[in-house]
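Please go through this chain with me.

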Amino acid sequence: MALIPFLVDIFQDPIFSILTVIVTFGIGLFQGLILGRAILVRFPRLQNHLKTVSISLFILFLANAILSVPRFASPEKIELSSLTPGSLGEIASTLFLIFGMNTGFLTVLAISVTVMTFVILKFTNMHGVVKLFVFFFSSLLLVLTGVSRFTDLTPSTFEVLLYFLYQLGFTIGILGGTIRKIKPKKLDLK
């Protein structure tokens with residue numbers, strides 16, 4: 001069953017499907033552009049090594065996109081009734097299971113990039129609607145991922161495609177947001 005069951009019938013309409021694909025990619029692209037520019041504004045010294053920074057962030061977020069899709073497509077299900085830790089080792093094992101860190105280095109890398117996105121969001125100088133936009137879609141993705149892990153709902157093929165397009169748009173947006181230097185604002189001394 002899909003994560004958002006009531007939209008399954010709507011996704012059957014080709015016009016709505018194409019529109020959803022374009023909007024999802026656009027949201028990811030716009031969010032990546034915003035975050036990329038915010039990184040350069042917050043850390044202006046990165047502009048001295050712009051090519052290295054933009055390519056490094058692109059590779060990091062591309063790896064995150066590629067590694068996150070299989071986890072999103074077939075999430076490891078967690079039953080809340082089986083989460084009764086007794087000893088310290090069981091508590092650590094339970095936390096690793098909940099955060100998905102029990103499946104290897106690549107998964108930890110993907111989770112680290114997601115956490116880094118939220119940390120960057122906290123330390124950047126974004127305000128108002130822009131910050132709300134980035135926070136809303138990042139949180140929505142986090143909620144959908146949580147729903148897929150803690151319930152018997154599994155993303156449909158179309159939802160996995162949308163997730164991939166969002167991640168791809170976000171990755172391209174990060175590259176686009178960090179590839180060009182930000183010109184300093186001119187002071188009007190009249």
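Buried means under 20% relative accessible area, exposed over 50%, and partly exposed in between, with a 1.4 Å probe and protein chains only. The model is predicted: local features need pLDDT of at least 70, side-chain atom pairs count only at pLDDT 80 or more, and totals for chains, interfaces and linings use all residues. Residues are numbered from 1 along each chain as its sequence is written, and side-chain values use heavy atoms, with hydrogens and water left out.

Q: Is Thr24 buried or exposed?
A: Thr24 lies in helix 2. Contact means heavy atoms within 4.5 Å. Beyond its neighbours within four places in sequence, Thr24 contacts Leu162 and Tyr166. Its relative accessibility is 15%, so Thr24 counts as buried.

Q: How many helices and strands does the protein chain have?
A: Helices (H or I, at least four residues) and strands (E, at least two) are DSSP runs, numbered from the N terminus. From that end, the elements run α-α-α-α-α-α-α. The count is seven helices and zero strands.

Q: How are helix 3 and helix 7 oriented, roughly parallel or roughly antiparallel?
A: Helix 3 (residues 50-73) and helix 7 (residues 157-178) pack with axes 8 Å apart, at an angle of about 170°. Axes are lines fitted to C-alpha atoms, for helices over the stretch in contact, and angles run from 0 to 180 degrees between N-to-C directions. Under 35 degrees counts as roughly parallel, over 145 as roughly antiparallel, 65 to 115 as roughly perpendicular, and the rest as oblique. Helix 3 is therefore, relative to helix 7, roughly antiparallel.

Q: Which residues touch the most other members of the largest nonpolar core?
A: A nonpolar core is a set of buried Ala, Val, Leu, Ile, Met, Phe, Trp, Tyr and Cys residues joined through side-chain atoms within 4.5 Å. The largest one has 20 residues. Helix 2 (14-42), helix 3, helix 6 (128-150) and helix 7 each supply at least two of its residues. Those touching the most other members are Leu57, Met126, Phe133, Tyr166, Phe170 and Ile174.

Q: Which residues does Phe133 touch, not counting those up to four places away in sequence?
A: Phe133 belongs to the largest nonpolar core. With residues up to four places away set aside, Phe133 touches Ile27, Phe30, Gln31 and Ile34.

Q: What separates the C-alpha atoms of Ser148 and Phe72?
A: Ser148 sits in helix 6. At 0% relative accessibility, Ser148 is buried. Ser148 and Phe72 are 76 residues apart along the chain, and their C-alpha atoms are separated by 7.7 Å.
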